[in-house]
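Welcome! Here is a short briefing to read alongside the structure, starting with the ligand and moving on to a group of strands.

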Amino acid sequence: MAGLTDLAARVDDAARYAKAIPQLTVGIPDLGIDDAYAIQALSVRRRVDRGERRIGVKMGLTSRAKMLQVGVDEVIWGRLTDAMLLEEGGSLSHGRYVHPRVEPEVAFLIGRPLAGTVTALEAMAAVAGVAPAMEIIDSRYEAFRFALPDVIADNSSSSGLVIGSFVLPTIDIGNLGTVLSVNGAVRQIGSTAALLGHPVRSLVAAARMVAQGGEQLNPGDIVMAGGITAAHPLAVGEYVRADIEGLGRVAISVRE
Ligand code: 0L1
Ligand code: MG
């Protein structure tokens, strides 16, 4: 089997140059989850070595529907860097990605250190703000197909994020109606309850999983809580907007 460092370079290059690669598990069918997270960490370290700054984490497969789709009963996580931030109301270049998709999310802004096994109450007490958000996911694997270790190694498909205005976490975010529209037409509807019943459960999982990786959530970190609806495949010329009841809206356009 190729070394973990080589595999990290493979997924990092695929993301950097927007060139799809075969699934790692095709060549390495017994690639394990721990090795997959090690590849992810090494690939993000390459980005940090190029000058990117870590700004938080994304949680993935946080809805039962997505878990069933992939055949797992555990969420996954990935690392966010400043190079992935997209300006709210701005545009993204489709050509920078392999086959990008967008999904509406809730973003948490961490105000106090958080790690390990925590209750929902403790997790919310560490939150300084909540915001409407969208994640750009882009599998670096051909045809957007992967097994669980593949997607974990590929930074859990995370590629970009658009964050709206943070508000104080005083509103109940447990069941907020969410609409994803494209060029003014509704494409997806859902509720924040799709995120494990309540988005805070995603934050609880984030605290546990980063601690398993020897890390913690720090003040100023962003935690993307997961896709509220199915992801929408992006096309050039689209104007995509997510509206989350009571939280606000966030939008982006797609250029070549
Ligand atoms: O953010 C997500 O839930 C996506 C995680 C990876 C699966 C996918 O790329 O659809
Ligand atoms: Mg997501």
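The shell around ligand 1 is made up of five nonpolar, three polar and four charged residues. Please keep in mind that this is a predicted model. Ligand 1 itself sits in the largest pocket.

**Who surrounds the ligand**
- The residues around ligand 1 are Lys 58, Gly 60, Leu 61, Lys 66, Glu 103, Glu 135, Ile 137, Phe 144, Phe 146, Val 151, Ser 156 and Ser 157.
- Two strands, E1 (54-60) and E6 (127-137), each contribute at least two residues to this shell.

**Contacts and burial**
- Lys 58 places a polar side-chain atom 2.8 Å from an oxygen atom of ligand 1.
- From Glu 103, a polar side-chain atom lies 2.9 Å from an oxygen atom of the ligand.
- Leu 61 takes part through its backbone, with an N or O atom 3.0 Å from an oxygen atom of ligand 1.
- On its own, ligand 1 would expose 300 Å², and the protein buries 94% of that.

**Strand E8 and its partners**
- Strand E8 (residues 177-182) pairs with strand E9 (residues 185-191) in the antiparallel sense, over six bridges.
- Within this pairing, Thr 178 stands opposite Gly 190 in E9.
- The hairpin of E8 and E9 has two residues between the strands, and Asn 183 takes a positive phi near 50° there.
- E8 also runs antiparallel to strand E12 (residues 239-244), joined to it by five bridges.
- Here Leu 180 stands opposite Ala 242 in E12.

Terms used
Residues are numbered from 1 along each chain as its sequence is written. Chains are lettered from A and ligands numbered from 1 in the order in which they are written. This is a predicted model: local features need pLDDT of at least 70, side-chain atom pairs count only at pLDDT 80 or more; totals for chains, interfaces and linings use all residues. Side-chain values use heavy atoms; hydrogens and water are left out. A residue is near a molecule or strand if one of its heavy atoms lies within 4 Å of it. A polar contact is a pair of N or O atoms within 3.5 Å; within protein, one must be able to donate a hydrogen and the other to accept it, and residues adjacent in sequence count only if both atoms are side-chain atoms. Accessible areas come from the Shrake-Rupley method with a 1.4 Å probe; for residues, only the protein chains shown count as cover. On a 1 Å grid over the protein atoms alone, a cavity is a set of points where a 1.4 Å probe fits but cannot get out, and a pocket is an open set with protein on both sides within 12 Å along at least five of seven lines; lining residues have an atom within 4 Å of a point. A molecule sits in a cavity or pocket if more than half of its atoms lie within 2 Å of its grid points. Helices (H or I, at least four residues) and strands (E, at least two) are DSSP runs, numbered from the N terminus. Ala, Val, Leu, Ile, Met, Phe, Trp, Tyr, Cys and Pro count as nonpolar, Asp, Glu, Lys and Arg as charged, and the others, Gly among them, as polar. Two strands pair if DSSP finds at least two bridges between them.
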